[in-house]
2 protein chains.
Amino acid sequence: MVEGGGVGVGEIEFFFDVASSYSYLAAVAAPGVAEAAGLPVRWRPMLLGAVFKATGNASPALVPAKARWMMGDLAREAARAGVPFVFPARHFPPNSLLPMRALCAVAEGEVPRAARALFDAFWVRGGDVGAAAVVVEALDGAGFDGAAVVARASAQEVKDRLRANTDEAVARGAFGAPSFFLGDALYWGHDRMGALAEDARGARR
Amino acid sequence: MVEGGGVGVGEIEFFFDVASSYSYLAAVAAPGVAEAAGLPVRWRPMLLGAVFKATGNASPALVPAKARWMMGDLAREAARAGVPFVFPARHFPPNSLLPMRALCAVAEGEVPRAARALFDAFWVRGGDVGAAAVVVEALDGAGFDGAAVVARASAQEVKDRLRANTDEAVARGAFGAPSFFLGDALYWGHDRMGALAEDARGARR
């Protein structure tokens, strides 16, 4: 069932922020969902803090009991997915403005590889993903010229691209991350990716 | 993996409030989870509003964009589970004090049947589940003496039982509903019931 998605939806859109723990789990699972759905996933960087501000939402970590539960839930969900996860306590929450701008400074086809490098730098190795040195090192390690990407990240058109993605996500109904769209239908959370893949298959029939 | 649950966990505990939409989906799925887990599920009424107050949490419906998403998500999740669901817009949010006290006034073994009757009265038929007449009618329909149950609901020991359940849930880390416990490990949300069942099976090996 696709609500408002309709016939001819040709891709899944994946709005994310590297500062978001569940976006990391979604990023890891995205290739499998693309295969299950039979549709490409388009990775769209956005700034989660700006989404929270625009929608009146807030980080779930602000409720202490919820933050404690999330520590256990993230560990369990990562273990179920078979991926490494270490909560980056030293640098949480990070300022993700620079890394998210950097992801708007690489070619669209390169976004998944660059994003995975930044996700891993933070959610696996615990580096301060808001710091230029960490962004450069992570991108270098993934085969980019990290310093050149970071230099391009401060160009006005790159800044505008991140802002436009973020504004578009909010306008289409997003209030948190990860946010997937199949046409007009929003799927919030890595735990809705199974339903998303099933609905995408249904929409293509 | 059971964190702190350990060997010898003999049941799954299910803390819920009939005012909670995702608790309805969890209630519908609970028998299947008990079978998959190989453990009985003990249904434990609590007052969600008091949990929110005690933990600083709030209804997700207070963020407008999240409330809009929830309408679509609940419809999708109910359809996936193959159960009827109609958002009870006329009476949401209800005052669930009386129905939750009523669930503390029936024998423990009867709680699932009584709770399903109240869940259905609200989330399928849209009646005001906070009103005595609706509670009585729903319980009558499930084979109880509804008027007698509602009369017992105002006994001090029944009121105290609901308060004790609620306080216990908060003390053990709950901040919303549905909340499942496998020993000390908390699983929040109907979307964690699959993981819960798998972990319960693992813990019994």
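**Helix pair α1(A) and α3(A)**

I began with two helices of chain A and noted that α1(A) and α3(A) run roughly parallel to each other, on a scale where angles under 35 degrees count as roughly parallel, over 145 as roughly antiparallel, 65 to 115 as roughly perpendicular and the rest as oblique. Their axes cross at roughly 10 degrees and come within 11 Å, α3(A) being residues 64-81; such axes are lines fitted to C-alpha atoms, for helices over the stretch in contact, and the angles run from 0 to 180 degrees between N-to-C directions. Helices (H or I, at least four residues) and strands (E, at least two) are DSSP runs, numbered from the N terminus.

I keep in mind that this is a predicted model, in which local features need pLDDT of at least 70 and side-chain atom pairs count only at pLDDT 80 or more, while totals for chains, interfaces and linings use all residues. Residues are numbered from 1 along each chain as its sequence is written, chains are lettered from A and ligands numbered from 1 in the order in which they are written, and side-chain values use heavy atoms, with hydrogens and water left out.

I then listed who meets whom: α1(A) brings A:Ser21, A:Tyr22 and A:Leu25, and α3(A) brings A:Trp69, A:Met70, A:Asp73, A:Leu74, A:Glu77 and A:Ala78, where contact means heavy atoms within 4.5 Å. By class, this contact holds 6 nonpolar, 1 polar and 2 charged residues; Ala, Val, Leu, Ile, Met, Phe, Trp, Tyr, Cys and Pro count as nonpolar, Asp, Glu, Lys and Arg as charged, and the others, Gly among them, as polar.

I also looked at A:Met71, which sits in helix α3 of chain A and is partly exposed because its relative accessible area is 35% (buried means under 20%, exposed over 50%, partly exposed in between, with a 1.4 Å probe and protein chains only). Its C-alpha lies 7.6 Å from that of A:Phe87, 16 residues away in sequence.

**Helix pair α5(A) and α6(A)**

For comparison I took α5 (residues 111-123) and α6 (residues 132-141) of chain A, which pack with axes 9 Å apart at an angle of about 125 degrees. The crossing of α5(A) past α6(A) is right-handed; a crossing is left-handed if the near helix is turned anticlockwise from the far one by less than a right angle, and right-handed if clockwise. On the α5(A) side I found A:Ala114, A:Ala117, A:Leu118 and A:Ala121, and on the α6(A) side A:Val134, A:Val135, A:Ala138 and A:Leu139. The residues of this contact comprise 8 nonpolar, no polar and no charged.

**Cores**

I next asked which residues touch the most other members of the largest nonpolar core, and the names are B:Ile12, B:Phe16, B:Trp43 and B:Phe119, out of 74 residues. Such a core is a set of buried Ala, Val, Leu, Ile, Met, Phe, Trp, Tyr and Cys residues joined through side-chain atoms within 4.5 Å. Helix α1 (residues 21-37) of chain B supplies the largest share of this core, 10 residues. Apart from it I noted another core, of 73 residues, including A:Val150, B:Phe15, B:Met46 and B:Phe181. Leaving out residues up to four places away in sequence, B:Trp43 touches, among others, B:Phe14, B:Phe16, B:Ala27, B:Val111, B:Arg116 and B:Phe119.

**Single residues**

A:Ser20 is in the loop between β1 (12-16) and α1 (21-37) of chain A, and I class A:Ser20 as buried because its relative accessibility is 6%. Beyond four places in sequence, A:Ser20 is in contact with A:Leu48, A:Phe119, A:Trp123, A:Ala177 and A:Pro178.

B:Ala34, in helix α1 of chain B, is buried because its relative accessibility is 19%, and its contacts, neighbours within four places set aside, are B:Leu39 and B:Val41.

Is A:Arg163 buried or exposed? A:Arg163, in helix α8 (residues 156-171) of chain A, is exposed because its relative accessible area is 58%, and its C-alpha stands 7.7 Å from that of A:Leu47, 116 residues apart along the chain.

**Cis peptide bonds**

Most peptide bonds are trans, so I recorded the exceptions I came across. The bond from A:Phe92 to A:Pro93 is cis, omega near -5 degrees, with A:Pro93 in the loop between α3 and α4 (97-103) of chain A. In chain B, the bond joining B:Ala177 and B:Pro178 is cis, with omega about 0 degrees, and B:Pro178 belongs to the loop between α8 and β3 (179-182).
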